[in-house]
Amino acid sequence: MRTRPSPHLRGGVGPTSGNALVLPAGSPLTRSFVLPLALTVGLAGALVAVGQPAEASVAAGAAAVGHASGGHPGHGHHTDLGRETIGTDDGWAAWSGPTFPEGVERQATPTTGGAAAAPAEVYEVDTWQEFRDALAGRAGGSQTDARTNQVPRIVYVTGEVDAFTAADGTQLTCEDFAAQVTVGDTGEPFSMDDYIAHFDPSGPWGWTAPSGPLEEARVRAASVQAAQTQQHVGSNVTIVGVGDDARISGANVRIRDAHNVILRNMRFSDGYDCFPQWSPGDGDAGNWNSAYDNVSLWTSTSVWVDHSTFDDGAHPVESLPVVFGRPFEVHDGLLDITHGSDLVTVSYNEFLNHDKTMLIGSSDSRLQDRGQHRVTLHHNYWQDIGQRAPRVRFGDVHVYNNYYRQTRRQAEAGGFQYYWGAGKESSLVVENNAVSLARGTDPALVVGAYGGTMISESGTVLNGRQADLLAAYNATATTPLAEEARWTPSDAYRYRPLPAAAVPWVVTTFAGAGVLASDLPR
């Protein structure tokens, strides 16, 4: 493992032919392919497997997928993803016009990330410290440097970058963070074991919210961890994985107060919180709440997240212990878009085996987020997730051509709650998605209402058959959701959705990290 504290500078990097592809309009598939006979047969089989409706033809589905070819090199060619920009009309991140994060006007243009980076601002990193230095723009730079830096930069990530690694290469643990904090005036280091023993609701403390020296020490320990594992990303940045094994683990990558950011071909794993907070008043039985998402967008605009994979890494849901009768949750979201973030496209990603997956809008009380949180989600794969795919507050959100799959394992574990959550003043347009539920799961659970009043759903295929999941929800809901939206996606950008029957094959074939042919610039 390298221990150098500064990133590698790469010189002589020139632009490549940039924009992403054609189907759907602006699709980011960046390998060129003409659908050969074998793949056409494979698609036909996939359509039959998911129960293609009689009125949808296999030929039409194959033609639609074949039209996804673009002008980028395929197998056997080197592809520099770092200089590529979002395609024309590829969802909200390709939109031009005004946006108002925190009420401050910003003029948005289609997302280009760091495509304009000078050779001195192109970095190759394979350690956490190198990654941090690249984003700060200098060796040993601060989080403020990283958050406020607007110089165009491209950061190429090779191999695994572990946030639990010190600048000298030392592997860190939660105990290393806790040991830096003492409890009150006792001189004793903080311990989560002591915290759990003290605030056990079955003991003297009862169901009162934690307070006092141990809770104060937990907060300080959390700050120590944040200084090590939380990393801000500023404006005009592209972060791209090289090859099929680029990963950032143990981190909270936070795009904050930024604009014009691209994340591609990366695996983001295990945004682990060493010091979750016990909240006895959260729900009927209390909950453990964690602070870190794998990736967070805060007050940021014009962001494209493409061909990446999000998961819990070495600490999947089933590995978590139960404490006070509740899962000892060490993760928050996989990709959360909050605090007035706006104009975001999330395309061809995988979200795997996680509970609270994607929150769009953090609080009902943030009325300044009205008019923000415009997000497009297309061609993403969601497997064995519990909820929030997405849950939306305030935003005009477009959810099309995604594949949601629940396995029997998750159904037996009882982890599923809902996929599409209509929150306060939200307006979701949900079209041509494929949903696969395990036997015994109620289809009415797919839609959830959390203060919202409307959702537009069309073209859904459930377990191979056309289905109206909003109608299933409304059939038993105390307060039904209106079958409408306050906006029309085609008024904002062009797109052409695939028939839902074709979605499982396309998404499982092309979504996630490691699918795109990527290499370092030459």
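Q: With 30% relative accessibility, what does glutamate 425 count as?
A: Relative accessible area sorts residues into classes: buried means under 20%, exposed means over 50%, and partly exposed covers what lies in between, using a 1.4 Å probe and protein chains only. Because its relative accessibility is 30%, glutamate 425 counts as partly exposed.

Q: What kind of model is this?
A: Residues are numbered from 1 along each chain as its sequence is written, and side-chain values use heavy atoms, with hydrogens and water left out. Local features need pLDDT of at least 70, side-chain atom pairs count only at pLDDT 80 or more, and totals for chains, interfaces and linings use all residues, since the model is predicted.

Q: Where in the chain does glutamate 425 lie?
A: Helices (H or I, at least four residues) and strands (E, at least two) are DSSP runs, numbered from the N terminus. Glutamate 425 is not a glycine, although it has a positive phi of about 55°. Its place is the loop between strand 29 (420-423) and strand 30 (427-431).

Q: What does asparagine 353 count as, buried or exposed?
A: Asparagine 353 is in strand 22, and its phi is near 50°, a positive value in a residue other than glycine. Because its relative accessibility is 18%, asparagine 353 counts as buried.

Q: Which type of aromatic pair do tryptophan 92 and tryptophan 95 form?
A: Rings of Phe, Tyr and Trp (its six-membered ring) pair if their centres lie within 6.5 Å, and planes under 30 degrees apart count as stacked, over 60 as edge-to-face and the rest as tilted. The structure holds 27 aromatic pairs. In the pair of tryptophan 92 and tryptophan 95, the centres are 5.7 Å apart with 75° between the planes, a pair that is edge-to-face.

Q: Which residue has its charged end over the ring of tryptophan 95?
A: A charge sits over a ring if NZ of Lys or CZ of Arg is within 6 Å of the ring centre and within 35 degrees of the ring normal. Tryptophan 92, which counts as buried at 5% relative accessibility, has arginine 374 over its face, at 5.1 Å from the ring centre. The charged end over the ring of tryptophan 95, 4.6 Å from its centre, also belongs to arginine 374.

Q: How many residues of strand 8 (residues 237-241) are buried?
A: One side of strand 8 has Val237, Ile239 and Gly241, the other has Thr238 and Val240, and all of them are buried, so both faces are covered. Strand 8 is thus mostly covered, and the count of buried residues is 5 of 5.

Q: In strand 11, which residue is the bridge partner of valine 237?
A: Two strands pair if DSSP finds at least two bridges between them. Strand 5 (residues 153-157) runs parallel to strand 8 and is joined to it by 5 bridges, with valine 155 having isoleucine 239 as its bridge partner. Strand 8 also pairs in the parallel sense with strand 11 (residues 259-264), over 4 bridges. Here the bridge partner of valine 237 is valine 261.

Q: How far apart in space are alanine 116 and valine 237, C-alpha to C-alpha?
A: Alanine 116 lies in the loop between strand 3 (106-108) and strand 4 (122-125), and it is exposed, with a relative accessible area of 65%. In sequence, alanine 116 and valine 237 are 121 residues apart, while in space the C-alpha to C-alpha distance is 9.5 Å.

Q: Just after helix 10 (residues 503-510), which residue takes a positive phi of about 100°?
A: Helix 10 is mostly covered, with 6 of its 8 residues buried. The buried residues of helix 10 include Val503, Trp505 and Phe510. Just after this helix, the residue whose positive phi is about 100° is glycine 512.
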